[in-house]
Amino acid sequence: MSTKPATTSVAGYRRNDRGTQPDLLYPPYASTVKRAPSHPLVLLPASLSEVTGPVFGFDVLKANDHDLTKQHAGDPIGERIVVSGRVLDANGRPVINTLVEVWQANAAGRYPHQRDQHNAPTDPNFTGAGRTQTDSEGRYRFVTIRPGEYPWRNHYNAWRPAHIHFSLFGPAFSTRLVTQMYFPGDPLLDYDPMVTSIPDERARRRLVSVFDWETTIPEQALGYRFDIILRGRDETPMENYLPARS
Amino acid sequence: MSLQTTSSQTVGPYLHIGLTWLINADLTGPGITGDTITIEGCITDGDGKPVTDALVEIWQANAAGRYAHPEDTRNLPLEAGFRGFGRAPTDEAGMFRFTTIKPGRVPGEGGVLQAPHVNVTIFMRGMLAHLCSRIYFPDDPANAADPVLARVAADRRSTLFAQPIAGQPSALVWNVRLQGAGETVFFDV
């Protein structure tokens, strides 16, 4: 058997560690019951289709896309915060020039969305959507206001912890990730089925941002740091891990 | 060094606020060659009810079978203006619709050329991690030897094929059933 790697196979992205990802069916989050597939996912080996993915240029971004407090004529109501961090892969390498999209409720816990019927005020100076691209070291930074908690109808007296939605592409179809960032010390985290759907306790904690004195701006805004880890690449195609037969 | 990957969380019901700025339901345009097709479909849940708050993304090669990505270095033409990415929400009837071109073939497992396919990612409230699937084309002779289709149980393979719409040349329908009878095949990529 040849010891040379087959040139026709590609190195894929390692699967997520056990327990770090939520089960698709998690009945405490009621909407999963009729939406989660009942068959197991079919495992695909990596091909060019999975190790490539959409590439976006900085041309898709506008000047204030990363500053959610400067997208309207006036200042939004609420506590200004800076949310920043690094996007790394599981090998510890920065994920550079990748698109990061965020969306969140306003300070009162209300989204400007037709399906949000919560009777908290909307804010004409806050849409709650932002995007940016990571730099050459994988860093990103948003300026926004601290989102409010809000009720939902999943169970009696259900409230979502304060959160910011994040959407990332990474370098490949296999590295796509949508997640939510939470805030330290939020008493609602223990009651939230989206958080508790994650089996691994350490993985849950990593969705909670940390207060960051370094990025806190004097007289202006508290800083929170939220690092994001995307799947890392195998060093070699999987075929090479198969034991050679004599 | 190995870091643990960040957990996925649902997009929730208000995804449109953050994600519709990049809606691209028409991948065709000047200078983009290939057979123009439309692909539409309805996403339904385990009760057969349409899912009206989903978002569908597609990723595909161009007509020559080349991905607009630095890792696809094969000597095939790239076309300026064809990024290969589409994003569309479902409407009040649970329907999404893309206009695109039929992709060419790209290499797969063992160096075998894969049949033309569109890679699909689906997000919605009630889905704690996104779903991945593929759209294949009906009556394409390459389907018979496709290494991915070969991994799917024969009685479920048909869920991956778009179907022609009678009386509408170049129009295809690919419905997504999340759960239950005729459940669509989803992949761990």
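Hi everyone, let's start with chain A: of its 246 residues, 44% count as buried, where buried means 20 or more other C-beta atoms within 10 Å of a residue's own, with C-beta atoms placed from the backbone. What you see is a predicted model, in which local features need pLDDT of at least 70, side-chain atom pairs count only at pLDDT 80 or more, and totals for chains, interfaces and linings use all residues. Residues are numbered from 1 along each chain as its sequence is written, while chains are lettered from A and ligands numbered from 1 in the order in which they are written.

Staying with chain A, its C-alpha atoms fill a box of roughly 70 × 40 × 30 Å along the principal axes. Chain A has 3 helices and 12 strands; these are DSSP runs numbered from the N terminus, helices being H or I with at least four residues and strands E with at least two.

Now, how do the chains meet? In total, 60 residues of chain B are in contact with 66 residues of chain A, contact meaning C-beta atoms, placed from the backbone, within 7 Å. On the chain B side, α1 (15-19), β5 (117-124) and β10 (187-188) each give two or more residues.

Let's zoom in on B:Ile17, which sits in helix α1 of chain B. Why does B:Ile17 count as buried? Because 20 other C-beta atoms lie within 10 Å of B:Ile17. Leaving out residues up to four places away in sequence, B:Ile17 touches residues of chain A including A:Trp103, A:Tyr111 and A:His113.

Strands cross the boundary too. Strand β1 of chain A (residues 42-43) runs parallel to β10(B), joined by 2 bridges; two strands pair if DSSP finds at least two bridges between them.

Within chain B, take a look at β8 (residues 168-173). Strand β1 of chain B (residues 36-44) joins β8(B) in parallel through 3 bridges, with B:Thr38 partnered by B:Ala171. Strand β7 (residues 163-165) runs antiparallel to β8(B), also with 3 bridges. β7(B) and β8(B) form a hairpin with 2 residues between them, and B:Gly167 in the turn has a positive phi of about 80°.

Last stop, the core. The largest nonpolar core has 101 residues, and among those touching the most other members are A:Phe166, A:Leu168 and B:Val56. Such a core is a set of buried Ala, Val, Leu, Ile, Met, Phe, Trp, Tyr and Cys residues joined through C-beta atoms within 7 Å. Beyond its neighbours within four places in sequence, B:Val56 contacts B:Ala88, B:Phe96, B:Val120 and B:Ile122.

Terms used
A residue is buried if 20 or more other C-beta atoms lie within 10 Å of its own, exposed if 12 or fewer, and partly exposed in between; C-beta atoms are placed from the backbone. Two residues are in contact if their C-beta atoms, placed from the backbone, lie within 7 Å.
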